[in-house]
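Here are my notes on this model. Please read them with the structure open.

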Amino acid sequence: MAAASSLANQCCHLGQGQWSCVHCTLLFSFLKTFSATMTVVIGFEGSANKIGVGIIRDGEVLSNPRRTYITPPGQGFMPSDTARHHRAVILTVLKEALEQAGLKPADIDCVAYTKGPGMGAPLVTVALVARTVAQLWGKPLLGVNHCIGHIEMGRLITKANNPTVLYVSGGNTQVIAYSERRYRIFGETIDIAVGNCLDRFARVIKISNDPSPGYNIEQMAKKGSQYVELPYTVKGMDVSFSGILSYIEEAAHKMLSSDQCTAEDLCFSLQETVFSMLVEITERAMAHCGSQEVLIVGGVGCNLRLQEMMGVMCKERGAKLFATDERFCIDNGAMIAQAGWEMFKSGQVTELEDSWITQRYRTDEVEVTWRD
């Protein structure tokens, strides 16, 4: 309202700071109405080793701080230890989110949290905080599907219209397209996710987990020059990564000890193989849907080599590629806030007695009430 008053003073020329002309009165009325209809949603994300709190106001990211639980090289993150990390920092991150947004609890319209899928103990930690905050602040609560959070954040940031979505992360690998109020899964991994495959190989060759094993594999792969042939496992619209992982784990010990290749060569070969598989099933889904857009979301979606390979395929088809950077493709609170904003605006809320979590929460289980 201060901005509206300033504009009015410039318009009136009366120097009295009063709403003295018709233009100023109309401007004040418009801004008051506009401000009253803006919806602010805060989102809590903590399904894996990232804990984040983000605030969205009608498509604008007001804040999005997060923390990452990082383990020593060669080690993964255990659910109980990850939950302990989240409990230690979540209130600090919440305070940061409000301060960065310049908002108070009274300014929030809805509290959204990740319902699943994800790791049980971290999910419970975040859900408990979100439930408590919603009750303390007297705000409605919304449980959000983590995968849909990624999709809606990608759509918001890139402005993609109706893309075929490749969702790739440490816990999920899916090719998705929207149809009749559902995000339909056209293909997925039948065992482990692509991000999990990369992370577990990073442990084998003792790559640092800071800032993430996948990122460090990507940097090492840029220095690789020799391609080591690996199993290529596409089964219809689905992919399998467990066999590739087992093969390269065994090959790594033999080939590295005998100097047949370098660790950089293995990182390069693994990326080229698994990303080729992902591009293949994405292109097949595009052909089936008649789609001319691809949106890559999820933590692995930050990988520039994956984006490059997908871009080549899209160019050959006359299609467009949409992708984001690490601010929005890696797990974050704003993506939960954005999906929650869409859900809340369409009339959805989660009653307190229904605000549980689930480690297995399929993308296609959610009715997409906010899209035509």
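1. A salt bridge here is a side-chain nitrogen of Lys or Arg within 4 Å of a carboxyl oxygen of Asp or Glu. Across the interface of domain 1 and domain 2, that rule finds 1 salt bridge. R362 pairs with E188 in a salt bridge, with 2.8 Å between the closest N and O atoms.

2. On the basis of the notes: this is a predicted model, where local features need pLDDT of at least 70 and side-chain atom pairs count only at pLDDT 80 or more, while totals for chains, interfaces and linings use all residues. Residues are numbered from 1 along each chain as its sequence is written, and side-chain values use heavy atoms, with hydrogens and water left out.

3. Domains. The assignment for the protein chain gives domain 1 as 40–151 + 330–365 and domain 2 as 160–329. These bounds come from an automatic or database domain assignment. The contact between them (heavy atoms within 4.5 Å) takes 23 residues from domain 1 and 25 residues from domain 2. The C-alpha centres of the two domains are 26 Å apart.

4. Buried area. By this I mean the accessible area (1.4 Å probe) that two parts lose on being put together, summed over both. For domain 1 and domain 2 it is about 1,900 Å², and carbon and sulfur atoms give 56% of it. Which residues of domain 1 lose the most area to domain 2? They are H150, I151 and I330, together 29% of what that side buries.

5. Polar contacts. The count between domain 1 and domain 2 is 10 residue pairs, both residues at pLDDT 80 or more. A polar contact is a pair of N or O atoms within 3.5 Å; within protein, one must be able to donate a hydrogen and the other to accept it, and residues adjacent in sequence count only if both atoms are side-chain atoms. On the side of domain 1 that touches domain 2, helix α5 (residues 146–158) gives the most, with 5 residues. Helices (H or I, at least four residues) and strands (E, at least two) are DSSP runs, numbered from the N terminus. That side of domain 1 divides into 9 nonpolar, 9 polar and 5 charged residues. Ala, Val, Leu, Ile, Met, Phe, Trp, Tyr, Cys and Pro count as nonpolar; Asp, Glu, Lys and Arg as charged; the others, Gly among them, as polar.

6. Disulfide. The structure holds 1 disulfide (a pair of cysteine sulfur atoms within 2.5 Å). C302 and C329 form it, with sulfur atoms 1.9 Å apart. The link of C302 and C329 is right-handed, at 85 degrees about the S-S bond. C302 sits in the loop between β12 (293–297) and α10 (304–317) and C329 in helix α11 (residues 326–329), so the pair ties together parts 27 residues apart in sequence.

7. Salt bridges overall. The count comes to 14. One of them joins E280 and R284, whose closest N and O atoms are 2.6 Å apart. Because E280 and R284 are 4 residues apart in helix α9 (residues 263–289), about one helical turn separates them.

8. Backbone points to check. Most residues other than glycine have a negative phi, and most peptide bonds are trans. G116 and P117 are joined by a cis peptide bond, omega about -5 degrees. P117 lies in the loop between β5 (110–116) and α4 (120–137). Another cis peptide bond joins D210 and P211, with omega about 0 degrees. R181 is not a glycine, yet has a positive phi of about 65 degrees.
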